Amino acid sequence: MPLRFAVVCSSNQNRSMEAHNFMSKRGLLVRSYGSGQQVKLPGPSLEKPNVYTFDTPYEFMYKDLYNKDASLYTQNGVLHMLDRNRRIKEKPERFQDSRERFDVIFTVEERIFDQVMEDLENRDKRTNEIVHVINIDVIDNPEDATLGAFMLCELGQKMEATNDLDNAIDEILTEFELKTKRTVLHAVSFY
């Protein structure tokens with residue numbers, strides 16, 4: 001059976017959606033999520049972000065920001081990002097609200113890794129299926145999100161190619177760290 005992957009960032013907008021898009025185009029089974037309380041997008045200033053709930057469709061966000069200031073949100077890349085997102089799925093999803101099971105959950109920031117681990121540890125254990133939670137820090141901008149998507153996809157493909165992920169994962173992650181010079185956090189949880 002193919003591995004089931006999840007990618008989690010804060011708002012299910014930039015980093016997780018870029019990886020979702022890239023990994024799915026490479027044939028991996030992947031879903032994406034946010035772990036924050038709300039969806040936050042850049043606004044006219046740092047003090048004035050655009051805030052939405054997780055059940056707000058990407059289409060609505062796109063039209064809302066286009067009507068607020070099409071020039072600003074085109075220039076800063078937010079409309080392009082939302083256009084990509086609305087072609088992948090209807091709306092952002094919050095990890096803590098999902099009960100789907102995954103073999104591997106990628107996070108893109110240590111704070112998000114902690115939120116995912118806390119949520120998994122607080123769930124009722126039903127099947128004792130193992131899930132590997134792996135963090136690789138990815139800066140939240142379009143260029144780094146693309147680089148992060150390449151890395152997560154490559155890592156996912158290496159995992160997919162093994163017959164026994166549980167026994168091969170340490171070697172795969174060590175090789176990845178040496179190649180990319182990036183620190184990887186890895187923990188195991190159970191469903």
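This report walks through the helices, aromatic pairs and ring-charge contacts of a predicted model.

## Ground rules

The model is predicted, so local features need pLDDT of at least 70 and side-chain atom pairs count only at pLDDT 80 or more, while totals for chains, interfaces and linings use all residues. Residues are numbered from 1 along each chain as its sequence is written, and side-chain values use heavy atoms, leaving out hydrogens and water.

## Helix H1 and what follows it

Let's start with H1, which spans residues 15-25. Helices (H or I, at least four residues) and strands (E, at least two) are DSSP runs, numbered from the N terminus. Nine of the eleven residues of H1 are buried, where buried means under 20% relative accessible area, exposed over 50%, and partly exposed in between (1.4 Å probe, protein chains only). Among them are Met-17, Ala-19, Phe-22 and Met-23.

Just after H1, Gly-27 has a positive phi of about 90 degrees. Arg-26 sits over the face of Phe-22, 3.9 Å from the ring centre; the criterion is NZ of Lys or CZ of Arg within 6 Å of the ring centre and within 35 degrees of the ring normal.

## Aromatic pairs

The whole structure holds six aromatic pairs. Rings of Phe, Tyr and Trp (its six-membered ring) pair if their centres lie within 6.5 Å, and planes under 30 degrees apart count as stacked, over 60 as edge-to-face and the rest as tilted. Phe-5 and Phe-106 are stacked, at 5.9 Å centre to centre with 5 degrees between the planes. Because Phe-5 belongs to strand E1 (residues 4-9) and Phe-106 to strand E5 (residues 104-107), this pair ties together parts 101 residues apart in sequence. Both Phe-5 and Phe-106 are buried.

Tyr-33 and Phe-95 make an edge-to-face pair, 5.8 Å centre to centre and 80 degrees between the planes. Tyr-33 is in strand E2 (residues 29-34) and Phe-95 in the loop between helix H3 (78-88) and E5, so the pair links parts 62 residues apart in sequence. Tyr-33 is buried at 1% relative accessibility, and Phe-95 is buried at 2%. Together with Phe-102, Tyr-33 and Phe-95 form one aromatic cluster.

## Helices H2 and H3

H2 (residues 58-75) packs on H3 at an angle of about 160 degrees, with the axes 9 Å apart. Axes are lines fitted to C-alpha atoms, for helices over the stretch in contact, and angles run from 0 to 180 degrees between N-to-C directions. H2 and H3 are therefore roughly antiparallel, since angles under 35 degrees count as roughly parallel, over 145 as roughly antiparallel, 65 to 115 as roughly perpendicular and the rest as oblique.

Contact means heavy atoms within 4.5 Å. Residues of H2 including Tyr-62, Leu-65 and Tyr-66 meet H3 residues including Leu-79, Leu-82 and Arg-86. Arg-86 also lies over the face of Tyr-62, at 3.9 Å from the ring centre.
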